[in-house]
Amino acid sequence: MKLLNVEVVLDREKDIQRAEYEYDVLNELDDETTSYAILSHRWGVEVTYKEMSGLMKMEERKRGEVRKRYGYQKIIKSCEQAMKDGHKWLWIDTCCIDKRSSSELSEAINSMYRWYQNAQVCYALLSDVDESAIPTRRDYRKFGQSNGWPEWFMRGWTLQELIAPRQVKFFNKDWVLLGDKWHLAPALEDITGIPCAVLRHGLTGTRLSVARIISWAANRKTTRVEDRAYSLMGLFGVNMPMLYGEGNKAFQRLQLEIIRTSNDHSIFAWYPRMPQRGSVLAEDPSDFRHCGNIRKVEPHEFVGRLMDFIERNRLGSPWYTQRNSLKISASPIHQCRLAWLRWRARTLSQRFSTFTVSNAGIQVCLPVIPLPDSPSQFRAILPCTYGLGLVTIDLVSSGSRFDRILRIATILKTYPEFKTVYLAHHQGINEKGCELTLTLDDKHASYLGFTRRATYPRKFVGDTVTLSSVRDIMDDLIVIVYANDEARSCFAVGLGYYFDQGWVHVVCDGHFPPQQADWADFAEHAHRQMWKARAEHAWHMAKPEHAYLTCKDYFVKHAHLPRSIWAARIVWGRWDADRREADNFRVVVDVEECPGCCNGPCGWMTTSNDCGGLGSTGAYEHSFFFILIASGWVASHF
């Protein structure tokens, strides 16, 4: 590694006018045998390797411009602190790596964790903190762009820079010492979710699950999407080549490398941030956001846990009778079955902890339970726990391999069976399925001050919303949040498609987020709430009342916004693939004054227009005649 000679850098700065003198500020040394300090910081306008090594050869004007940069002042301040602490050498990523060399950059990224681990001390510069103490509470007013905390805690690369070094000293923007990692560990745990024991002693010797470690990076950001994966390599002790431009494939490659060196099934225990079907590998670290409490189960523990799972879910029921608070076995067959499963699990314990990766998929042995009324779908039981119970994922057989699907709401009935399966770990080019494009018309809501605040799980531009499918199975949902700050009222609209049924739902629980940054969380919460009940929402959708082509049915959803005078009204067409009129794929979001006759979301209404469509001001129009169908009665207006 190339290290800055602290004394030479400071001497050069003192004699900066002596341009004829050559200073060798960078030396290549061995990190295993050299004592050095290291800097962790948020990048801004920095000084490159070329500029730092050739500063004295620049013309005076250019040299003056470099020295005025905040990045150069960081270098000088870091050297002064290192000199004060008695360190001769210092490493800073901005100027100690020649990024013009792809091989040097790749070597540095693959060695980064070790370099931070071998440093005598790491200086963590919080450049957006001006107080003399680390914040202990979220402050969205001051740190609104970084989830309420100083930005250093929300960057991807700083995760390993916090964990790897034995000693970390924190400084504010004026280089005032805020404390060290050991003493600040409880506060750092609250901010990052990383246990105090890991902060103080590192990952060596811990039995933390893969899912839990990745969860620490779930809310962190990097400038390049590939760095979300590359910044995690050191935490798992894996190496792989840098391929900038590959996008999310970098994180999939990282997971495969972890699987090749680990037998931890928690890597499959993620929960997708957006609906998807296919690979058992997550697309992004944010899919592990809710995995902070997942624990790996060792093979010798798994047998007992599996028996508890069978009992808790009453698999193979009815197998006991209840007398007062006692369970009395009613079937010796059940006891024999449990004994056989216990013996079978013990004989396969070695296979549970063995993964094989090939182009056919990830070969693994798991207990699986066929789902009722669906012989091609299974619930796989993973050797890891969330709380007291084992984690499960749903799979669907797709030829010779199994794809992961979103959890299906059902009651398990049969005993698990042990299967060796090939889990899909990539999605082919021809497996993306089809798309349904909708036109969103919400200009009427904006007339009353209700504007779009967030969408989840993905953003869209303009007024076009696309719902997608995988392998011709449409199962998608997008949520749009609207709010009026003056009225302190908001609601979330969900547009979904579940197999052959489009659906719309409105969430308006009266909660108004206190901070602007919370709208994304509000959208995610609404998405999670609707996604769990998507089958029910689709089932309860109103059905077309008219089959003839001259009359178009439109469905109206009316929802009163609590503690307000407003009601949300959503109107849409049939979404009928056989009728490709533009209005059929148009969704109107409107807000109107509510007379107070309703209490919470009301039922569906079906409106019918012979030719008029939805092209007027407001939610809908009636041109020649209007039919309203609700709760069994019909009202006609001509």
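Strands S6 and S7 form a hairpin with five residues between them, and Trp175 in that turn has a positive phi of about 65 degrees. Helices (H or I, at least four residues) and strands (E, at least two) are DSSP runs, numbered from the N terminus. This is a predicted model, where local features need pLDDT of at least 70 and side-chain atom pairs count only at pLDDT 80 or more, while totals for chains, interfaces and linings use all residues. Residues are numbered from 1 along each chain as its sequence is written, and side-chain values use heavy atoms, with hydrogens and water left out.

**The hairpin and its sheet**
- S6 (residues 168-171) and S7 (residues 177-180) run antiparallel and are joined by three bridges; two strands pair if DSSP finds at least two bridges between them.
- Lys169 has Asp180 in S7 as its bridge partner.
- Zooming out, seven strands make an open sheet with mixed pairing, in the order S2-S1-S4-S3-S5-S6-S7.
- The edge strands are S2 (26-28) and S7, each pairing on one side only.
- Neighbouring strands of this sheet are turned by 30 degrees against each other on average, direction ignored.
- At the S2 end, S1 (residues 2-5) runs antiparallel to S2 with three bridges, and Leu3 stands opposite Asn27 in S2.

**Helices on the sheet**
- Helix H1 (residues 6-14) lies across S1 and S4 (89-91), at about 50 degrees to S1; axes are lines fitted to C-alpha atoms, for helices over the stretch in contact, and angles run from 0 to 180 degrees between N-to-C directions.
- H7 packs on the sheet and touches S6 and S7 (contact means heavy atoms within 4.5 Å), and its direction makes about 90 degrees with that of S7.

- The axes of H13 (residues 299-312) and H14 (residues 332-347) come within 10 Å and cross at roughly 150 degrees.
- From H13, Val303, Met307 and Ile310 meet Leu338, Leu341, Arg342, Ala345 and Arg346 in H14.

**The second largest pocket**
- About 1,600 Å³ of space lies in this pocket; a volume is the space filled by probe spheres set on grid points, which are joined across faces, edges and corners.
- A pocket is an open set of points on a 1 Å grid over the protein atoms alone, where a 1.4 Å probe fits, with protein on both sides within 12 Å along at least five of seven lines; lining residues have an atom within 4 Å of a point.
- H7 (181-192), S18 (451-456) and H17 (519-532) each supply at least two residues of its lining.
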